[in-house]
Amino acid sequence: MSTITISHLRKDYGGVAAVDDLTLEVPDSTVFGLLGPNGAGKTTTFKCMLGLARATAGDVRYDGQALRPESFERIAYVPERSTLYDNFTVNEHIEMTRRAFRAFEPARARTLLEQFGVDSRKRVRALSKGMKTAVMVALAFSRQAEMLVLDEPTGGLDPVNQRHVLSLMISEAAKGHSIIFSSHQIGQVERAAERIAILQHGRLILEGLVDDLKADRKIVEGIAPVGGFSLDGITSDSRVARCDRTERVVRLLVIDGAPEFAQRLAQAGATGIRVLDMNLEDIFLYAVSPADATTAVVAQELAP
Amino acid sequence: MNYIEWLRVRNCLRTTAIVLVVFVALAGILRISLSRYMSPQQWAQHIGAEPGTTKTQITLPDGTKRTILDNPNERTHIVIDDRGRAGTHITLTEPSSHEHKNAENVQIGGIHVNESRHGDLSTTTIDTHGAVPMLYFMAIADVVALIIATMLAAPFAREIDGHLEIAFTKPVSRVRYALGVLAADVAGIWVACALAVIACYICELFFGTYRVDFSGINSRAILMGLVMPAAWYALLCAATTWFSRAYGAVLGFAWPVAIVVGVLAVVQASTPLGLMVHDVGWVLSRLDPLTYVKFAGPDANDAMAYMGADFARRFGIEILLFVVYAGLALVRWERVEA
C-alpha cells in the first residue's frame, strides 16, 4: 500500500487561496497527473503535501499516516526548479543522498545518470537545466521510494530523456508505487497517467481516469445553415458542457449521449455532422477556458 | 553532522590551509634571510673581531658549545651557550648606561630577556629556550577562526535561498538537521583555529623554541579562543536566518557594526547626546561576543593578567550567547516555508 490522500487542503497567501478545498486520492500502483494552467496551485499543492509549506487547512496522509520526518524514507520529491547545490559535484550529491536515505542505491543513480548522459564528476553549475532535472530525477528514482511527487519532472529534458522519465514512472507504478506528477506537456500526461486532476485557481475542476474522461466526452460538430438556427433545448441540456462556434462551424462538448445530440443538431438544420473523440489536451482546454460565458454568448449568436 | 554543510566547511578549510601555508612559507623565507643575524656563532664572530677581545670556545660535558668573549678595554664579558635544539643562553655583562634599567623581565615569544643592574655594571641574560605562551597562538588563531566563522555564518539562509526542498525532504526533523549544520560549522571553526595554531607553531619553530606553555592563563586562552568564535558564529547565524533575504549584507556589515558598537561602548562623552549614544552602544555591546574577550586586565593583585580576573563570568556569558543565538536561529528555521 502506498496511497496518498489529500483532504480539503487549503493554502492561503496573504488572504488569497492558492489551493482551495482540494480533495484527492492517489491510489497505489498509479501514475496520477496533476494539470492546470500557470498559477493553478500545482506546486503549492505539492509543497503542502510535503510540509514544505504549511497548509492553512486540510490534511494529507500517506497510507493513512500524517507526514513525519521518517515518512521521507518512503517519499521522493523532484521539485519544479533545480534545488541542487551549484558548487558541488553530482557525485557529492549522490553521496549526500546516500547518507540521508537508507534505501538509496548509488549504483542505480549512476546508471540512470549515465543513461541521461550526465557526467557525475561535473559540478552542478556546469550542467544545463535539463541535466539538472535529470540529476534530480535520477536521485529520486534510486531511492526505492514508494511514493513519488514529481513537479514537472521532464522540464528542460530532450524528447528522448522525457520518454525515459515517463518509462521510469510507469515502471515504478508497476512495482506498486504511487506517483503524482505535474506537467504542462499534456501529451506526456496522457501517455503516462492513468488518472488526472485539473486544477484552476486552486480548485479542483476535473478529476478521473483518463480513459473514462475520454470515453465520456465527445465533440459533436456541425455546420450551421446560412441565416442561423435554433439551439433551444440543446445548449440548456446539462450534458452539454460547452458550445463553441467558429464561423458557421458549431461544436458541442457533450458528456454522454453524443449520438443523440448529433441527431438533434441535424434536426435543427446543421449539416456535415461528425462525432469526434477528445484527447486529453481537448479535455484540458475545454476545462480551463471560461465555459459559462462562451456557452451563453454562442447560444445567443446562433439563435435565429 | 550535516554532509552538505561539511562540504562547505571543507572548502572553507581548504582555502584557509592554502593561506596559512603561504604564510608559513613566507616565514620560512624570512627565517632563511635572517639566519646570519640569528646565529650565535655569527654574533661571536662579529663581537670577537673588535680590538682587544679574546675569544675562548669550549665544549661542556653536556654537549653545550660555550663561547666566551672578553674585552677588558670595553669591560664587556659575554658567555654564549649554544645548546642546539635546546636553545641558546647568552649572558652579557657590560657597563651600565642610561638605557639599562635596574631590573626588567621581558618575554617575547620563546625569548626571555632578563636585565639587572649591579653598580655600574649591567647583566643581560637572553634565553631562547623559553616556552611560548599558548595565548599568543590563540590570539592569532582567533582572528582566523572569526574570519571562518563569518564565512560560514549563513548556513540556513543559504538553504532558504533555493535548497529547502532538499533540506526539508530528508528523513530527519528540522531541529536535528539544523543541529547537524551547527555541529559541522562549529567543528569547522575549531579546525580552522587548530590549523592556525599549527601554522603559528611551525613559524615559531623557524625562529626559536619548540616549547609551548599551556599552563594557567594559557589554558583560559584556549577555552575562550574556542568559545568566542562559536558565539560570534551563532550571532551571525541567527541574524542571517531571520534576515535571510539580505544575508550577504548582514555578513558584510557585521564587522563594521561590531567595531562601531565596541567603540561607542568605550568612548566617554560629555554632551547629553554623546552620553546617550554611548549608553546605547554600551547596551548593544553586551550582545556582542567580541565584547567579552579581554586580552589583558588587572587581576586581584593589580597585575596585568591575560583574560582578566573575571574570566569565569565572561566565559559563561560567551556560552550563554552561543546557546541563545543558536536557539534563535533554530526558532526561525523551524518556521521557514519553501
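Predicted model: local features only at pLDDT ≥ 70, side-chain atom pairs only at ≥ 80, totals over all residues.
I take a salt bridge to be a side-chain nitrogen of Lys or Arg within 4 Å of a carboxyl oxygen of Asp or Glu. Residues are numbered from 1 along each chain, chains are lettered from A, and side-chain values use heavy atoms without hydrogens or water.

Salt bridges. One network links Arg10(A), Asp12(A), Asp20(A) and Arg203(A).

Burial. I call a residue buried under 20% relative accessible area, exposed over 50% and partly exposed in between (1.4 Å probe, protein chains only). Asp12(A) is partly exposed at 22%, and Arg10(A) is partly exposed at 26%.

A second pair. Glu73(A) and Arg102(A) form a salt bridge at 3.9 Å, N to O. The two residues are 29 apart in the chain, each in a loop. Glu73(A) is buried at 15%, whereas Arg102(A) is exposed at 74%.

Core. I use the term nonpolar core for buried Ala, Val, Leu, Ile, Met, Phe, Trp, Tyr and Cys residues joined through side-chain atoms within 4.5 Å. The largest has 152 residues, and Leu50(A) and Tyr233(B) are among those with the most contacts inside it. Another core, of 15 residues, lies apart from it and includes Val250(A) and Ala262(A).

Definitions and conventions
Helix = DSSP H or I, 4+ residues; strand = E, 2+ residues; numbered from the N terminus.
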